Structure formats: C-alpha cells, structure tokens
Amino acid sequence: MIGAHPSIALFAAALALPFLKGSARRWAMILGPSLGLALLSGLGDGSTLFHALPGFTLELLRVDALSRLFGTVFCLVGVFGMLYASHLEESGEAASSLALIGGSLGVVFAGDWLTMFVFWELMSVFSVFVIWYAGTPESRRAGVRYLLLHVLGGGTLFAGILLHRAGGGAEAFASLTGEAMTPGAWLILAGIAVNAAIPPLHTWLTDAYPACSVTGSVVQSAFTTKTAVYALIRAFPGQPVLIWFGAGMAVYGVFYAIFSNDIRRLLAYHIVSQVGFMVAGIGLGTALSLNGAAAHAFCHILYKGLLFMSAGAVVAAAGTGKLTELGGLARKMPEVCVFFFVGALSISGLPPFNGFVSKTMTIHAFGAAHRIGPELMLELASVGTFLSIGLKLGWFAFFAEAKTERKLRPVPKNMVAAMGGLAGLCLLFGVWPDLLYRALPFASEYRPYTADRVLGSIELHLGTALGFWILLSLLAVKPKIALDVDWLYRKPGAAVLSFAVALLKGVGALAQTRGVDAVYAAVPGEYDADGKRVPVGLTLFWISLFVALLAFYSWT
Amino acid sequence: MSAAPDAIGRRQGLKMTLGGMIGLTLCMDASLYLRARQTAQHAAEHAAPHAPFWMSFPGFELVFGVLAAFALGLVAKLILFPLLKRDENYYDDAPAEET
C-alpha cells in the first residue's frame with residue numbers, strides 16, 4: 001500500500017458508500033480520510049507517480065513539506081467532518097463530500113498544471129453536489145450560481161495554463177512570480193482568485209455555504225478556499241498585488257459579518273476575512289509570512305470547521321440560524337456553547353488557542369518587514385473578528401434573552417463528538433505550537449508565547465469587549481440582509497437575461513405572425529397540408545443521389 | 001424592557017470583571033514596558049523592534065481595540081448598513097424556476 005496516492009482512499013470510500021448500509025457506511029465515511037492520512041504518512045518526500053501522455057508528463061504525486069501540511073489537515077478535518085455527518089440516512093452528500101476531499105488532495109499533491117487543473121474542476125463539481133444535497137429551493141439556486149461562477153473561474157484558470165504553456169512556460173505547478181507576470185500568469189491568478197474568494201469574486205461562497213445542509217457547510221468550509229490558498233503559496237509567493245487584496249478582504253469580510261443575521265452567513269464572511277490574512281501573508285512573500293499563511297490555513301481549517309459544526313448544531317436543534325430568532329442557548333445546549341467559544345476564541349487569536357499561534361505570526365511578519373499599513377489593517381480585522389463572532393454571535397445566540405421560546409431538537413451524539421475532537425485539536429496546537437511549527441515549509445524563527453505578545457492579544461480583546469459593551473444597542477442584529485456584489489448578477493443580470501429571453505420569444509412570435517402565418521394566408525382557398533407537401537419519394541430520390549455522388553467521389 | 005433583578009446583578013458582575021481585567025493587564029503591561037526600558041537588551045527582546053514608538057506604549061492594544069471596535073461598529077451600522085440593507089426576502093421574487 002505504501003506509495004499510493006492519498007486521494008485514492010477518499011475516492012474509493014466515495015464509490016463504496018452507496019453500496020453500504022448502517023454502521024458499515026458510517027465506518028467507511030470515517031475510514032476514507034483516516035486511510036488517506038495513513039497513506040500520506042507512509043509517503044516520503046519527492047515525486048513518485050508519473051503518467052506520460054503524448055507531449056507532456058503528468059506528475060500526479062509530489063510530496064514536500066507544503067503539500068504534506070495541507071494534505072494532513074485536509075484528512076484531519078475530513079475525519080471529523082465525516083464523523084459529524086455520520087448520522088445521515090442518505091449516502092449521496094457524504095459520497096460527494098469524500099470526493100470533494102479527494103479532489104482537494106489531488107490538487108495539493110499535483111506536480112504539474114494539468115493535473116492540478118483536473119482535480120481543481122473535480123472539486124467544483126462535487127462541491128455543487130454537496131450544496132444540492134441540502135434539497136431546498138435556495139440550495140438549488142445557490143448551487144447553480146456556484147456552478148456558473150466556478151465554471152468561469154475554471155475556464156479562466158485553464159486559459160491561463162494554456163497561454164502559459166504556449167508561451168514556453170514550465171509544466172511544473174510552481175512559482176510564477178520569479179519572472180515578469182505574463183498574461184497567462186495573470187489569468188491563472190484570476191482563476192485561483194475565484195476559489196480563494198477574493199472580492200469581488202467571493203459571492204459564490206457567502207451565497208452558497210449558508211444554503212448547504214448543516215453537515216455540508218462543515219465540509220465546504222475547509223476545502224475550496226484553502227486549496228486556493230495552497231495554490232497561491234505555490235504559484236504566487238511575494239506577488240505584491242495580493243498584500244492589499246488580502247488586507248482589504250480581511251476587513252471587507254468583517255463588515256459583512258457585522259451586518260449578517262444568519263449565523264452561517266456570518267461565519268462564511270469570516271472565511272473571506274480569514275483567507276485575507278493568508279492572502280496578504282502570501283503577497284508579502286517572506287519566509288515568515290509564507291509560514292504564517294500556511295500555519296494560519298492549517299489552524300483556520302480546524303477552528304472554522306468547529307465553528308460551522310457548532311453553528312450547524314444550533315441550526316439543527318432550533319430549526320433556524322437567524323440571530324434575531326435565537327438567544328439563551330447557553331443554558332439549553334451547554335456543550336455546544338463551550339465548543340462554539342473554543343472556536344470563537346481560536347479564530348479571534350486569543351492564547352492559548354491555535355489562532356493565536358498562527359495569526360500573530362502573519363501579523364508579526366508585516367511588522368518585521370516594516371509594513372505598518374497592512375499590519376494595522378489585519379489588526380483591525382482581528383478586532384472585527386472578535387467583535388462579530390466571539391461577542392456578537394456569542395452574545396445574541398447564547399446569552400441574550402430569547403425573543404421566542406422554541407423547542408429544541410436533541411443534537412446527535414456523533415455531532416457532539418466531532419465538535420469535541422476539533423476543539424481538542426484547536427487547543428492542542430495552541431498549547432503546543434511546535435507541533436505545527438515543525439511541519440512548516442520554510443525556515444523562519446517565531447515564538448508566540450512572549451509576555452508582550454500574550455498581553456497584547458489579551459488587551460486587544462478586552463478593548464474590543466469594552467467597545468462592544470458600549471455599542472451593544474447599536475450592534476443589535478436586524479432581520480435584514482446586506483447587498484453584496486452578487487446583487488449585480490442576481491438583479492440587473494437576471495433582468496438582462498429575462499429581457500433577452502423575452503426578446504427572442506418576441507422575434508419568434510413575430511416570425512410566426514408575419515412570416516409563416518402570412519404565407520398561409522396568401523395561399524388562396526382552403527389550406528390543404530398534404531396538397532402542398534413534397535412527396536416522400538422525391539426526397540428519397542435526392543438523398544440517394546447525394547449518397548451516390550458522395551460514394552462516387554470518395555471512391556475515385 | 002424591564003430586566004429581571006438577577007440580570008441586573010449579572011450585568012454589574014460582568015462590568016466589574018471586565019474593568020478588573022483591563023486594570024490588571026494595564027498594570028502588567030506598564031511594568032513590562034518600564035522593565036524593558038531599563039534593560040539593556042530592550043531592542044533584542046522586544047516583539048517588534050522596528051515598530052513606531054507608539055506601538056510599544058503600554059495599553060496601545062487596549063486603546064486600539066476600543067477605537068477599532070468603535071470605528072467598525074459606527075461605520076458599519078450608521079453609514080454602510082443603512083445603504084445596503086434589504087428585506088430578507090429581497091431576492092425571493094426572482095423569476096420562479098421550473099422544477
């Protein structure tokens with residue numbers, strides 16, 4: 001078994017699921033990513049799996065520190081995501097999820113652009129199925145919009161790869177920042193930016209993730225954006241454009257999180273915000289900032305999975321994710337409340353949770369490089385993160401008085417166990433950061449637990465809490481949505497489309513009345529369809545003549 | 001809305017806890033700052049040796065946190081949200097899809 005591609009385990013499990021029942025299926029779901037992890041740990045560094053095609057060679061399996069780090073955390077969150085979903089009666093969503101994980105592993109271990117692209121597209125396809133398995137009208141529409149944007153992104157990426165190769169660019173999926181940026185490289189960057197949810201290309205995420213099923217959004221939260229972060233670290237380290245896009249999206253996501261009423265939409269906007277930290281770190285391109293981006297992706301996958309799990313538990317129990325209809329859940333679901341706050345403090349970057357050891361690393365990298373502007377923007381985004389997740393979501397869902405008394409459904413045990421597992425990992429990597437730092441791909445020195453860093457983080461959060469306290473009545477959630485870029489294609493875009501359809505219909509109707517009907521009307525007397533019809537024999541004659549001529553010419 | 005007496009008590013307790021923690025961290029931060037200034041290896045030990053002087057002031061993060069929370073909250077809720085908010089069923093009257 002040693003030497004096999006880890007994604008094989010995931011695809012095999014996905015294929016097997018529909019044929020399994022009961023506990024066998026539950027075990028297969030969890031075994032898939034576990035086996036992937038085992039296969040990965042059996043692999044040594046280097047490229048081992050090639051497939052030659054006419055004109056180029058596919059490099060299917062390239063293992064190094066960077067791909068190992070992402071592959072490990074993808075399998076880890078896969079195990080817990082599948083545990084969280086293991087009560088599902090129906091195998092389609094879980095099978096799609098496993099295939100999505102398999103696709104993301106395929107991208108991570110791809111050594112050349114073509115392999116990367118194929119798995120990239122597989123991910124998009126299976127993501128759409130995960131969305132559709134929610135089975136609601138919103139999920140169906142959001143899934144279609146997701147598909148359209150990702151087809152656009154994938155097409156852009158593929159066009160970029162073709163241009164890059166046509167211009168004599170290398171086959172290897174490796175850095176493109178060294179030389180001057182070619183048009184091909186810009187297209188590749190734009191294609192990856194769609195999956196990284198860099199505004200204004202981010203709305204597929206905040207549109208579709210809240211529309212997923214409770215279990216689906218947990219799986220979704222981990223893979224698409226973080227695979228894109230991986231691709232950016234590979235292909236565009238030190239691309240200066242990314243610094244400002246990253247810092248900008250970190251703050252952008254926070255604003256929309258403050259607007260959001262739906263808890264899963266709030267968390268989805270925080271994916272945009274957190275990926276901003278990583279994108280900015282990649283743009284800076286120092287060893288420390290790239291390590292920070294990779295470490296933050298690793299930690300983010302764990303705590304964001306945990307946050308979506310606890311939000312999902314709330315949605316599953318209460319039947320709604322709207323903060324205006326929730327409240328007082330701390331007493332009713334104490335374990336979910338504890339797990340939520342582990343995730344909330346992790347994403348906020350408070351010691352001793354894992355966000356602290358990765359987020360401060362990225363921010364510190366900007367300080368060390370004398371880039372005060374982006375550094376302060378990321379600090380601002382940190383404040384907004386704690387403000388909108390730890391304080392706003394935490395307060396209005398768990399502690400504020402409930403507006404309506406609702407009967408809560410019990411949360412399945414496997415969901416609680418999965419939350420416990422991820423919460424444990426968040427704490428483990430926070431308390432023991434060397435476990436993570438040892439696995440980082442670049443050589444850099446950083447110590448998170450110094451007196452002034454710990455104290456600084458605590459001060460920042462206390463200050464935020466004070467500000468929240470004073471502004472509490474202003475920050476109260478409203479049962480409203482906030483317009484985002486997706487308005488462009490959901491309102492004017494849809495209007496243009498329906499206008500175009502109406503126009504075509506109008507032209508068709510006009511052709512009918514002015515054309516066909518007019519001709520009929522011009523024929524004197526009672527219209528007899530058979531009377532004007534060309535006899536079948538004549539048509540047959542022409543066809544036979546044509547075939548005979550064709551045969552004659554191809555013969556000579 | 002009239003809060004129950006125990007809610008008022010809880011509010012008081014929260015306020016005192018928050019105040020106490022702020023005071024405590026400020027004291028620790030100030031002592032750290034003063035000690036660092038006395039030590040010869042100030043530059044070597046300090047987190048961000050190249051940072052502007054005001055970033056290493058005791059309580060900088062606290063003030064930054066309060067101001068940032070205010071800025072975010074006020075800009076978001078008083079300027080942006082009134083412009084961007086719509087009813088929750090705003091997109092629902094989109095053309096009905098056929099199933």
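**Close-up views of chains A and B**

**View 1. Here is where chain B meets chain A.** The contact (heavy atoms within 4.5 Å) draws on 47 residues from chain B and 54 residues from chain A. Keep in mind that this is a predicted model, where local features need pLDDT of at least 70, side-chain atom pairs count only at pLDDT 80 or more, and totals for chains, interfaces and linings use all residues. Residues are numbered from 1 along each chain as its sequence is written, chains are lettered from A and ligands numbered from 1 in the order in which they are written, and side-chain values use heavy atoms, with hydrogens and water left out.

The size of an interface is often given as the accessible area lost when the parts come together. Between them, chain B and chain A bury about 5,000 Å², with 73% of it on carbon and sulfur atoms; buried area here is the accessible area (1.4 Å probe) that two parts lose on being put together, summed over both. Look for B:L72, B:E88 and B:Y91: they supply 16% of the area that chain B buries against chain A, more than any other three residues.

View 2. Side chains of opposite charge can pair when their charged atoms come close. Two salt bridges are counted between chain B and chain A, a salt bridge being a side-chain nitrogen of Lys or Arg within 4 Å of a carboxyl oxygen of Asp or Glu. B:E88 makes a salt bridge with A:K322, with 3.5 Å between the closest N and O atoms.

There are also nine residue pairs in polar contact between chain B and chain A, both residues at pLDDT 80 or more. A polar contact is a pair of N or O atoms within 3.5 Å; within protein, one must be able to donate a hydrogen and the other to accept it, and residues adjacent in sequence count only if both atoms are side-chain atoms.

On the side of chain B that touches chain A, α1 (5-38), α3 (60-84) and β1 (85-87) of chain B each supply at least two residues. (Helices, H or I with at least four residues, and strands, E with at least two, are DSSP runs numbered from the N terminus.) The largest share, 19 residues, comes from α3(B). That side of chain B divides into 29 nonpolar, seven polar and eleven charged residues; Ala, Val, Leu, Ile, Met, Phe, Trp, Tyr, Cys and Pro count as nonpolar, Asp, Glu, Lys and Arg as charged, and the others, Gly among them, as polar.

View 3. Strand β3 (residues 480-482) of chain A pairs with β1(B) in the antiparallel sense, over three bridges. Two strands pair if DSSP finds at least two bridges between them.

View 4. Strands β1 (residues 46-53) and β2 (residues 56-63) of chain A run antiparallel and are joined by seven bridges. A:G46 has A:V63 as its bridge partner in β2(A), while A:L53 has A:F56. The two strands form a hairpin with two residues between them, and A:G55 in the turn has a positive phi of about 95°.

A:D45 forms a salt bridge with A:R68, the closest N and O atoms being 2.8 Å apart. This pair links distant parts of the chain, 23 residues apart: A:D45 is in the loop between α2 (22-41) and β1 of chain A, and A:R68 is in helix α3 (residues 65-84) of chain A.

View 5. Most residues other than glycine have a negative phi, and most peptide bonds are trans. The peptide bond from A:P199 to A:P200 is cis, with omega near 5°, and A:P200 is placed in the loop between α7 (183-195) and α8 (203-208) of chain A. That loop between α7 and α8 also holds A:A197, which has a positive phi of about 60° although it is not a glycine.

The bond from A:P351 to A:P352 is cis too, with omega near 5°. A:P352 is found in the loop between α14 (334-348) and α15 (354-368) of chain A.

View 6. Chain B is divided into domain 1 (1-46) and domain 2 (56-86), with bounds from an automatic or database domain assignment. Six residues of domain 1 of chain B are in contact with five residues of domain 2 of chain B. These domains bury about 500 Å² between them, 75% of it on carbon and sulfur atoms. The count of salt bridges between them is zero.
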